[in-house]
Amino acid sequence: EEKRKLKRQLCGKYCDEDDRVLEILRSVYGSPSAPRSFYLHFKEILKSMGWAPTQSEPCLFQKRKGKHTMRLIIHVDDGAVSGPREMLEEFFDELSHKVKITMCKEPRDFTGIGLKYDVKEGIMKLHLQTNIEDTMRRFKDYVPKRMFPTKTPLPTGTVLSPATDAEFEEAKHLPYQELVGCLVWITVQVKIQAATAVSMLGSHAAKWSLTHFNCALKVLLWMYAGRGEGLTIRRDANFNPHDCLTAFADADLAGDIETRRSRSGMAIMMGCDTSATCISHRSALQKTIALSTTAAEILSLIEAATPIEGLRFLLAEMGMTQTAPTVVYEDNQPCIAVTADEAKPMGEHTKFYDMRVKKLKEMQFLGLIRVVYCRTACMLADMFTKNVNAVVFERLSRILTGAGGTFQELRRSLGY
């Protein structure tokens with residue numbers, strides 16, 4: 001009888017005549033459908049307030065009022081909004097009457113990424129200091145006493161060979177997969193300079209050796225040494241919102257000694273000649289074995305050009321329509337000639353390559369991209385194809401992360 005009374009007190013009207021209630025088998029919050037359900041609910045609320053999602057990024061909402069625009073990006077139940085102060089205050093007041101929200105006018109992190117910014121100077125820095133420190137505490141017991149951080153994630157020319165059965169048996173107790181998983185997250189978000197090293201480590205996630213694990217620890221030590229550094233975005237008076245994208249594409253022919261597949265590297269910069277930051281990067285082995293440098297460069301070029309089409313569409317929805325073709329720098333002249341109809345077709349007459357060459361020609365014809373030659377010494381994507389030396393690494397990483405220097409300054413310093 002006491003249990004029945006307790007059920008009625010807890011469940012009230014949800015009990016039936018036989019005092020039966022529904023048992024919750026799983027938390028709704030942890031359900032895979034929970035984020036989507038919340039998004040659909042919040043989307044209807046925003047629509048009723050005059051907001052509209054963009055077609056290219058459904059999580060990005062916009063609301064225009066006269067010459068001003070407010071933008072809201074949501075990630076599950078977290079969000080960040082920008083716009084004029086008066087419009088923001090009006091938005092928060094209206095939203096607080098519809099849903100229960102917690103506002104932070106000066107956020108220090110968003111979705112786990114740390115934020116440091118100076119509104120007056122127009123500088124915002126993105127970092128993962130807390131995440132890197134937590135990762136170091138998790139794996140510090142595995143770091144050898146005589147292992148110290150270096151100036152680069154991995155030494156120049158580092159090549160990781162597949163582990164033998166005996167080596168894997170010796171090292172399988174080590175948390176290699178967990179460590180590489182942490183490194184991947186950090187690299188994708190802010191530590192883009194380690195993309196090549198982490199990509200190489202990730203290819204051995206199924207079967208690793210003690211050498212692979214020690215290399216992963218070296219990358220972690222390098223990240224920890226610069227844990228407060230990340231990406232820097234600057235406000236610049238020379239910024240032209242209608243011509244603000246630049247891309248770089250490069251490839252390392254037969255860079256993987258085991259499969260002899262080439263490694264593609266690409267970087268997309270957003271900014272102007274005096275200030276720019278990498279907003280998209282990639283370092284990965286190509287899916288097929290290229291038989292020439294030109295073939296490898298074409299595959300790398302299409303990987304850099306394809307995301308540009310989507311970015312241009314997104315910027316157009318945000319009122320930043322690109323009025324000129326996006327410049328894609330390439331350091332292989334035969335590749336440029338083939339994709340510009342200035343040379344005979346390649347020797348590899350396969351549908352796989354032919355489709356990519358024709359796609360690049362189409363994008364140039366439509367005015368989406370313009371492929372321009374760039375000396376190898378100035379190629380920013382070079383560090384995404386191989387482990388470069390400390391001097392080149394420092395020079396390129398400062399430009400890519402927006403810490404200092406620009407591509408144009410680099411060209412002038414090298415006499416190009």
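Which residue in β12 is the bridge partner of A247? The residue is V328. This report describes the predicted model in which that pair is found, starting with the whole chain and then taking its parts in turn.

## Overall make-up

The model is a predicted one. The protein has 416 residues, of which 41% are buried. Its secondary structure consists of 13 helices and 13 strands. The C-alpha trace spans about 85 × 65 × 45 Å along its principal axes.

Contacts between residues at least 6 apart in sequence can be sorted by their separation along the chain. Of these contacts, 69% join residues at least 24 apart.

## Strand β9 and its partners

Strand β9 covers residues 245-252, and six of its eight residues are buried, so the strand is largely enclosed by the rest of the structure. β9 is joined to two other strands. Eight bridges link β9 to β10 (residues 263-272), and these two strands run antiparallel. Within this pairing, T246 has M269 in β10 as its bridge partner.

The other partner is β12 (residues 326-330), which is joined to β9 by four bridges and runs parallel to it.

## Helix α2

Helix α2 is made up of 15 residues, 34-48, and reaches 22 Å from its first C-alpha to its last. This is close to the 21 Å expected at 1.5 Å a residue. The buried residues of the helix are A34, Y39, F42, K43, I45 and L46. They lie on the same side of α2, because they cover an arc of only 165 degrees around the axis.

After α2 comes G50, which has a positive phi, near 95 degrees.

## The four-stranded sheet

The strands β1, β2, β3 and β4 form an open sheet in the order β1-β2-β3-β4, with antiparallel pairing. β1 and β4 (78-82) are the edge strands, and each pairs on one side only. β1 is joined to antiparallel β2 by two bridges. P53 stands opposite F61 in β2.

α3 lies across β2, β3 and β4, and runs at about 50 degrees to β3.

## Nonpolar cores

In soluble globular proteins, nonpolar side chains tend to be buried together. In this model, the largest nonpolar core has 61 residues. The residues with the most contacts inside this core are L183, L201, V219, M223 and L400. Helix α8 (residues 210-225) supplies the largest share of the core, nine residues.

Leaving out residues up to four places away in sequence, L400 touches I192, A267, M269, T277, C278, L380, M383 and F384. A second, separate core has 24 residues, and among them are A249, M266, I298 and V371.

N387 sits in the loop between β13 (369-373) and α12 (390-401). Apart from neighbours within four places in sequence, N387 is in contact with L154, P155, T156, G157, T158, T196, A197 and M200.

Y142 counts as partly exposed, at 37% relative accessibility. Y142 is located in the loop between α4 and α5 (165-171). Beyond residues up to four places away in sequence, Y142 touches L174, P175, F213 and L217. Y142 and L40 are 102 residues apart in sequence, and their C-alpha atoms are 45 Å apart in space. T130, in helix α4 (residues 129-139), counts as exposed at 52% relative accessibility. T130 and G228 are 98 residues apart in sequence, with 8.8 Å between their C-alpha atoms.

Technical notes:
Residues numbered from 1 in each chain as written. Predicted model: local features only at pLDDT ≥ 70, side-chain atom pairs only at ≥ 80, totals over all residues. Heavy atoms only, no water. Contact = heavy atoms within 4.5 Å. Expected span 1.5 Å × (residues − 1). Buried < 20%, exposed > 50% of the residue type's maximum accessible area, 1.4 Å probe, protein only. Arc of directions from axis to C-beta. Pairing = 2+ DSSP bridges. Axes fitted to C-alpha atoms, helices over the stretch in contact; angles between N-to-C directions. Core = buried A, V, L, I, M, F, W, Y, C linked by side-chain atoms within 4.5 Å.
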